[in-house]
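Here is a walk through one protein model. Keep the sequence and the 3D view side by side as you read.

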Amino acid sequence: MRLLFLSVFFLTSATCHAQWKTSVGINIPPIIAKSAEISSEFRHHPGYSLNLNLGRTFKTSHIGLIDYKVYDGVSQRQTSGTFLKAGARLYPTSISGKQKRNHFFVGAFFVLSQYRQTALQREFSDSEFTDTYTPVSRKGTVLFPAATIGFQHNLTRFLILDWGVQKSFVLRENNYLGRRDRNYQPGAGSAQSDPFIGYFQGILSLKYQFSN
């Protein structure tokens, strides 16, 4: 939780100056997995910004848009949790200081993800699954890096549209319920979203920019 307090303190201190522009919105793709994510951006220069996102996952059974249906003896898997993303973006085409209506961005986050999972696990005996199910659960908090890439469009003076992708590099103890790639991670998505490197999540955020 130290990262949470340091991130909030840092970004709040930075935006206390009147010349910083602040925009706040909602990232839409996580809604598919019963997650709500508020995204915020703090900008002092057109070429870079600081970012702070907060979110909550509500008992999701989402395992990715593609289900590879590999039975692992676990059913009714649900994940809940909260997450914080703190990082920065770079806008290469605006590094000169000129504000553009549409521009490309790359960014990086540290994600603090708290999770709690519940499921029913089928008991395994004599080299086969039995008809007996046992309630199981896992919980914990992990910190991992993530990278983003996409485009930002200034629709009006106050409305901003972001779209792109986030790739997370989840570093978690081996306390998954069943197969790792069928476990949802709040703030990162599902490892099954990409069968090769996993944990891709979309960015589609409509933000309101406050005047300064």
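**Rings, strands and cores**

By the ring-pair rule used here, the count comes to five aromatic pairs. The model is a predicted one. A pair of aromatic rings is described by the distance of the centres and the angle of the planes. Ring pairs also build a cluster here, and the residues linked in it are Phe104, Phe151 and Trp163.

Rings have charged partners too. Look at Phe105. The charged end of Arg89 sits over its ring, 3.7 Å from the centre. Then turn to Tyr91. Here the charged end of Arg43 sits over the ring, at 4.5 Å from the centre.

Strand 1 covers residues 21-27, and strand 2 covers residues 35-45. The two pair in the antiparallel sense, over six bridges. Strand 2 pairs with strand 3 (residues 48-60) as well. That pairing is antiparallel and runs over nine bridges. One example is Ser39, whose bridge partner in strand 3 is Asn53. How many residues does the hairpin use to join strand 2 to strand 3? It passes through two residues.

Arg89 leads elsewhere, to Asp162. The side chains of Asp162 and Arg89 make a polar contact at 3.0 Å. Asp162 has its place in strand 7, residues 159-168. Is Asp162 buried or exposed? Its relative accessible area is 1%, and the cut-off for buried is under 20%, so Asp162 is buried. The side chain of Gln152 makes a polar contact with the Asp162 side chain too, at 2.9 Å. Leave aside neighbours within four places in sequence, and Asp162 is in contact with Glu41, Arg89, Phe151, Gln152, Ile203, Leu204, Ser205 and Lys207.

Now for the nonpolar side. The largest nonpolar core has eleven residues. Among them are Phe109, Val111, Tyr115, Val142, Phe144 and Ala146. Which elements give two or more residues to this core? They are strand 5 (102-125) and strand 6 (128-154). Another core lies apart from it, with seven residues, including Trp20, Phe42, Leu84 and Ala86.

End at Ala191, a member of the largest core. Neighbours within four places in sequence are again left aside. Ala191 is then in contact with Arg180, Asp181, Asn183, Gly198 and Tyr199.

Key. Residues numbered from 1 in each chain as written. Predicted model: local features only at pLDDT ≥ 70, side-chain atom pairs only at ≥ 80, totals over all residues. Heavy atoms only, no water. Core = buried A, V, L, I, M, F, W, Y, C linked by side-chain atoms within 4.5 Å. Buried < 20%, exposed > 50% of the residue type's maximum accessible area, 1.4 Å probe, protein only. Helix = DSSP H or I, 4+ residues; strand = E, 2+ residues; numbered from the N terminus. Contact = heavy atoms within 4.5 Å. Phe/Tyr/Trp six-rings, centres within 6.5 Å; stacked < 30°, edge-to-face > 60°. Lys NZ or Arg CZ within 6 Å of the ring centre and 35° of its normal. Polar contact = N/O pair within 3.5 Å; in protein donor to acceptor, adjacent residues only side chain to side chain. Pairing = 2+ DSSP bridges.
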